[in-house]
Amino acid sequence: MNIDLDASSTPDSDGLDLDASVAKSLFVGRITEENLFPYPRIDADEAETLRMVANSLDDFLQDKGEDFRQWDRESAQPEAFLQSLRELGLFGLIIPGDFGGIGLSNAGYTRVVEQLSSYDSSAALTVTAHSSIGMKGLLLFGTDEQKARYLPKLASGEMIAAFCLTESGSGSDAASVKTKAVKNQDGSWTLSGEKIWITNGGIGDFYTVFARTGNDPGELSAFFVERSWSGVNTGAKEDKMGIRASSTTSVSFSDVRVPAENLLGEEGQGFKIAMSILNNGRTGLGGGSVGGMKACIALATAQALERKQFGQNIAEFGLIKEKIAQMAIDCFASESVVWMVAHYIDSGCKDYSVEAAISKVFASEAMQRTANEALQIAGGNGFMKEFPYEQIVRDSRILTIFEGTSEILRLYIALSGIKEAGRLLEELAENVEDVFNDPIKGLGVLSEYAGRRLAQITPLRRDRMVNSVPATLRDEALIYDKYTAELGRVADVLLRRHGRDIVDKQLAMRRLADIAIDLFVGLCVLARVSSMTDSGDARYEQAITVAKLFSQQAKRRMNQNLRRIMRNEDEDLKQLAQYISSERAYPWDVL
Ligand SMILES: Cc1cc2nc3c(=O)[nH]c(=O)nc-3n(C[C@H](O)[C@H](O)[C@H](O)COP(=O)(O)OP(=O)(O)OC[C@H]3O[C@@H](n4cnc5c(N)ncnc54)[C@H](O)[C@@H]3O)c2cc1C
């Protein structure tokens with residue numbers, strides 16, 4: 001079934017529909033197969049460069065475990081280490097060769113971040129805050145002059161970049177920033193305000209700063225600001241729970257004169273620019289999470305095979321096996337979705353923000369589960385600072401908070417999907433008129449809607465994905481087929497029932513988002529395993545097992561979420577929370 005209303009969709013050479021969003025389409029009951037199958041492969045030339053970068057990273061980092069632990073305790077990365085990162089070219093990973101960088105694709109960059117994160121989260125964060133967000137605006141929206149002026153210094157690491165959005169009163173509600181830029185007569189700007197918790201704040205020299213430039217809330221503009229300018233100051237290093245060696249400080253601007261040529265993009269477009277940067281940069285955190293999970297799996301399996309209790313290796317116990325298998329499923333699924341999103345970005349897909357949000361939510365939460373379970377397998381050792389587990393748990397805790405909290409991203413996923421479903425309904429309402437005025441367009445929309453309703457009534461379309469997956473995964477393909485139709489159906493029901501008020505139904509939205517997450521991640525897993533060649537070896541057989549296990553787990557979760565969208569205790573739950581909050585404490589005691 002094809003219910004894409006946009007007749008002007010543009011396929012690329014790989015057969016991708018560059019205008020389509022796979023994730024949004026799920027909310028109207030459609031699986032955009034052409035954007036999932038075949039699963040992308042890395043370009044052979046880039047693979048060669050990646051191998052070289054990965055080898056030099058291994059050579060440099062493999063003996064640094066004790067240093068990383070010391071820098072975590074001291075809460076600082078020594079200048080000599082930053083200099084080594086510069087010499088390895090790690091600040092120029094995504095900067096084109098013409099400006100002195102390595103010019104990796106998003107996928108290639110994600111793979112390098114994975115490698116770096118498997119050694120140390122703080123080291124990875126120093127690099128990703130620079131590349132994924134700090135100077136990404138310059139790459140995406142900068143003028144030729146701005147690029148020529150800054151990119152060579154950013155590629156060499158002579159300048160380190162930071163992204164300055166958050167303020168004390170403005171976190172998730174990013175549009176509410178108070179930092180202000182006022183335009184002067186000569187076209188320059190005067191910038192005042194304070195940003196908090198800025199990664200690379202203390203070691204950065206190049207800040208992408210978001211400030212209000214209009215009276216309407218959310219009317220922001222973006223500027224490049226150099227640390228050396230008069231009026232720019234950084235605060236003391238924050239004393240953090242994790243990623244302690246990475247620099248986090250406030251950055252303040254006291255009547256800083258910003259030249260006209262340092263405005264990024266158009267005046268008033270700052271909020272859109274900030275969101276585009278965050279969307280484009282999400283695979284950095286995703287890749288980092290995958291690297292962390294791989295490190296945890298290596299640690300946990302070694303521990304489980306070495307530790308003996310009750311006369312056996314603990315690896316022999318069912319409850320430990322369950323944990324190790326789950327870690328592998330979570331890692332494989334995260335890798336599959338992160339890699340797919342990187343491919344969308346590299347291919348020039350125009351609408352990947354929901355897929356990117358899904359990859360960030362899934363991979364960051366999977367990393368936290370994996371870190372906790374690795375620590376659990378290590379038992380008491382896991383709790384001791386002598387071993388790496390407690391640091392990994394502390395370091396991974398931030399992943400679901402920065403660059404969009406899991407709550408905000410789930411709401412974004414559901415709202416964007418619902419909007420897509422609403423767009424179809426609105427077009428339907430508009431085009432009822434057109435049936436008479438413009439019969440071809442009007443009837444086209446009506447028949448598409450009728451097609452979708454039909455698919456919801458008879459969800460099992462047994463031909464879908466049948467040619468794309470191996471016979472052994474046909475049942476799994478049917479799971480995604482069925483639940484995509486179900487998501488389309490409940491999105492439609494909720495939209496009709498609540499209209500615009502759906503925004504306030506956060507628990508229903510969370511369930512919709514979780515169904516979409518399971519569908520999109522599961523489809524990426526299915527596509528990846530389907531693209532593997534049946535080599536008859538264990539790796540292939542076990543990848544099939546991973547796809548089957550993930551699909552069964554996803555099916556159970558989706559079932560539960562679907563049931564609870566219709567029948568739940570949400571009102572009681574909210575009322576209880578309201579009571580507890582009004583008491584400002586737990587009100588019961590056994591005394
Ligand atoms: C170590 C660290 C590094 C950081 N680095 C940077 C950086 O480099 N640059 C930068 O600009 N910022 C940075 N940040 C800031 C980070 O992006 C914010 O902390 C994050 O966006 C969340 O904002 P907040 O902390 O103000 O939480 P709040 O927005 O106050 O949220 C608190 C809780 O309420 C939930 N919540 C908020 N709104 C809603 C809603 N509408 N519905 C339901 N739940 C809601 C949130 O999910 C969260 O659980 C960093 C933060 C940390 C801790």
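The lining of the largest pocket divides into 25 nonpolar, 11 polar and 10 charged residues. Here Ala, Val, Leu, Ile, Met, Phe, Trp, Tyr, Cys and Pro count as nonpolar, Asp, Glu, Lys and Arg as charged, and the others, Gly among them, as polar. The model is predicted: local features need pLDDT of at least 70, side-chain atom pairs count only at pLDDT 80 or more, and totals for chains, interfaces and linings use all residues. Residues are numbered from 1 along each chain as its sequence is written, and side-chain values use heavy atoms, with hydrogens and water left out.

Stay with the largest pocket. Its volume is about 1400 Å³. A pocket is an open set of points on a 1 Å grid over the protein atoms alone, where a 1.4 Å probe fits, with protein on both sides within 12 Å along at least five of seven lines; lining residues have an atom within 4 Å of a point. Volume is the space filled by probe spheres set on the points, which are joined across faces, edges and corners. The lining holds 46 residues, and Ile-401, Phe-402, Glu-403, Gly-404 and Thr-405 lie nearest the centre. Helices H6 (121-134), H9 (270-306) and H14 (406-437) and strands S1 (161-164) and S3 (189-199) each supply at least two lining residues. H9 gives the most, with 7 residues. Helices (H or I, at least four residues) and strands (E, at least two) are DSSP runs, numbered from the N terminus.

Now the second largest pocket. About 1100 Å³ of space lies in it. Of its 33 lining residues, Phe-332, Glu-335, Arg-528, Met-532 and Arg-539 lie nearest the centre. H10 gives the most to this lining, with 7 residues. The lining residues divide into 17 nonpolar, 7 polar and 9 charged.

H10 (residues 318-347) also packs on H17 (residues 506-531), at an angle of about 90° and with axes 8 Å apart. The two helices are therefore roughly perpendicular, a term for angles of 65 to 115 degrees. Axes are lines fitted to C-alpha atoms over the stretch in contact, and angles run from 0 to 180 degrees between N-to-C directions. Contact means heavy atoms within 4.5 Å. Among the contact residues are Phe-332 and Glu-335 of H10 and Arg-528 of H17. The contact residues divide into 12 nonpolar, 1 polar and 2 charged.

Finally, the domains. The chain is divided into domain 1 (44-156), domain 2 (161-272), domain 3 (275-402) and domain 4 (409-577), with bounds from an automatic or database domain assignment. Between domain 1 and domain 3, 22 residues of domain 1 are in contact with 26 of domain 3.

Note on methods. Parallel < 35°, antiparallel > 145°, perpendicular 65-115°, else oblique.
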